[in-house]
Amino acid sequence: MTYHRLTVKLIAAFAAAVIIPGIVLGIIATRALRHEEAYLENLLEDTLRVEVDQAVDLIRNEIKSMGDRLAQGLSLPGEEGNDAVFKAWKKDSDLVEVPFLVSRENRIIWPKDGKGTSSGDDDFLADNRDLLSDKRTGQSFQNAALLPESDGADRDEIGADGSGRSVREEKYLDLKKALSQPRLKEKLAVAKFRGSPEARSKLYQQTESQNQEVLERNVITRQQAASGSVRDRTILVAQDLNFSRSTAGVDHGFIPRLTGSKLEIFFWKKIPPEGEIAGCLVNLKAFTGKILSVLPIPYSATRLMTVLNQNGSPLIDPLDEGTGREWKRPFVSREIGELLPRWEVAAYLSDPAALASRARLQSLIMGVLIAILLIAILLGGFLIFRSVNQEILLARQKTTFAANVSHELKTPLTSIRLFAEILEKGKQPDREKQKHYLKLMVSESKRLSRLINTVLDFSQIEEGEKTYHKQIIELTDVVRRATENLKVPLEQRGFTIRTKGIDATVPVLGDPEALEQVLINLLSNAEKYSGKKKEIEIAVSVKDDRAIITVSDRGIGIPKGTAKKIFNKFYRVDDHFTTRVKGTGLGLTIARAIMREHGGEVVYQPREGGGSCFSITIPIV
Ligand code: ADP
């Protein structure tokens, strides 16, 4: 019972300390491994995002300084006349393609209509006359993140203040105000806007309800492709504004015009004191050249970086690999902003397969390590479990052993005392019976000393102190002696003993007493574990320089699975204290130790037709 409880406790401890943590560790580890690729991608994405953000910043700064340089290079009104000034300006900057000058009343002063101007000027006028003279509106772009969050009430208020300015204009002026704030504020607003899908969809709804257009981005980013979501909208809100409104508020700037897939960029500058507006159509080639010159190194071992134009085509192909790459599927991409609508700085993995294979390799290494760790934990735990269990079992067996030995000592002692008392008091006058009692007393005391010898032998064998007096002896003599010794008590208990081959000559090198002890152990087991058929057979044979003695019975036999254990110390198949047959669990342990000491062995085989068969082998001299 105690043993059972201890084992249950041990199993619970083993489960709590090894199996459960092992399984949890395994689950966590496999989950972590599955996310390894995603984790690596996220890590790389974060790094590339910083790089792309920096590139966008650099480009925006470059556009700003291009504007500043163009404004500085234009010195109107010039004494030499507009022609000379514009020529000098054009010479000064390759960004200037077609210069223009518009009066405060929206009259186009330059280029002069059809009077000695170049065909480029004519085309320019044909395309832009209405726009510059405020006769038609053009799309103007604003960063949606920088639009103030307004609701209907605000708009009504603005509309009702009698200023006559429209809601749109009010917003536009607010934007100008926002732009004049420190750059950080702007960046924070953009980051906040990007990070909040709710804010985005709210603003897009709001702008659409005001007939403002929100453009779609050209690219589908990795996350969108993975989540199967639709193409993102740009951060830009387009609204139709006329030229004079587009140029309100600041003294110079760029105006992009996106018509279909074509982009035109205008530079403009207010000329004091009259407030005319001078400017130019910007040479796009020169403009993009300058933008690209500030881009970080476009190719590295991990990533490619390029700028995508309004149609999603790269301005440069860093690897010059042709059209193979899916340019609209970047790893990380960011819009440049309102000055270049739909343009993006995009980064791609140089070798997308490398990331996956690296993740796989890392997963594999981690997986193997985790597996080794788990196996070590489980194996270590199992070994500890087993040895503790064995110790518990042994402790229990020792207790049973002590009880059994006491019982074993008591039984012969009681019968010796009983017969001695009968004889002493002269209660049995029959001489024959007296003789029989004496015989029984002798055999009982032999049993007693056998038992004591067994315990002593065991402790000597355990300590390695057992000595053997080996000599060349006749094995069949030993067999005969052992049989003779047990014949009387066995026959008294109804056993028949058959012997086979005991007349042969089988010389062996051995300790006769030890070998006899082995045989007596086997014979007394055959008696103890007998069934209804009380037959014991001892046979001696020779095979390949080895003598074999078999002791066979028709007893209860040994259950399958315990055949190996019966040779373990203290092991008994039926170990209950209440069991009818008492024993120490040491007989076979000692027998095996003795036989191995003689270069031989004891093995058990189930006997055909029922019962057990123990075979002893020993080399013949
Ligand atoms: P014990 O003192 O218990 O007999 P042993 O070491 O001699 O110790 O035997 C170990 C166990 O092997 C026994 O308890 C018994 O269950 C089993 N055993 C040994 N010999 C026989 C046999 N001839 N028939 C059936 N079982 C046997």
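C613 has a relative accessible area of 11% and is therefore buried (under 20% relative accessible area; exposed is over 50% and partly exposed lies in between, with a 1.4 Å probe and protein chains only). C280 is buried as well, at 0% relative accessibility. The structure holds zero disulfides, a disulfide being a pair of cysteine sulfur atoms within 2.5 Å.

This is a predicted model, in which local features need pLDDT of at least 70 and side-chain atom pairs count only at pLDDT 80 or more, while totals for chains, interfaces and linings use all residues. Residues are numbered from 1 along each chain as its sequence is written, and side-chain values use heavy atoms, with hydrogens and water left out.

Helix 14 (residues 475–492) and helix 15 (residues 512–528) have axes that come within 9 Å and cross at roughly 40°. Helices (H or I, at least four residues) and strands (E, at least two) are DSSP runs, numbered from the N terminus; axes are lines fitted to C-alpha atoms, for helices over the stretch in contact, with angles from 0 to 180 degrees between N-to-C directions. The crossing is right-handed, meaning that the near helix is turned clockwise from the far one by less than a right angle. Residues in contact (heavy atoms within 4.5 Å) include L475, V478 and R481 of helix 14 and P512, L515 and E516 of helix 15.

L146 lies in the loop between strand 3 (138–143) and helix 5 (152–159). L146 is buried, with a relative accessible area of 11%. Its C-alpha atom is separated by 7.1 Å from that of V190, 44 residues apart along the chain.
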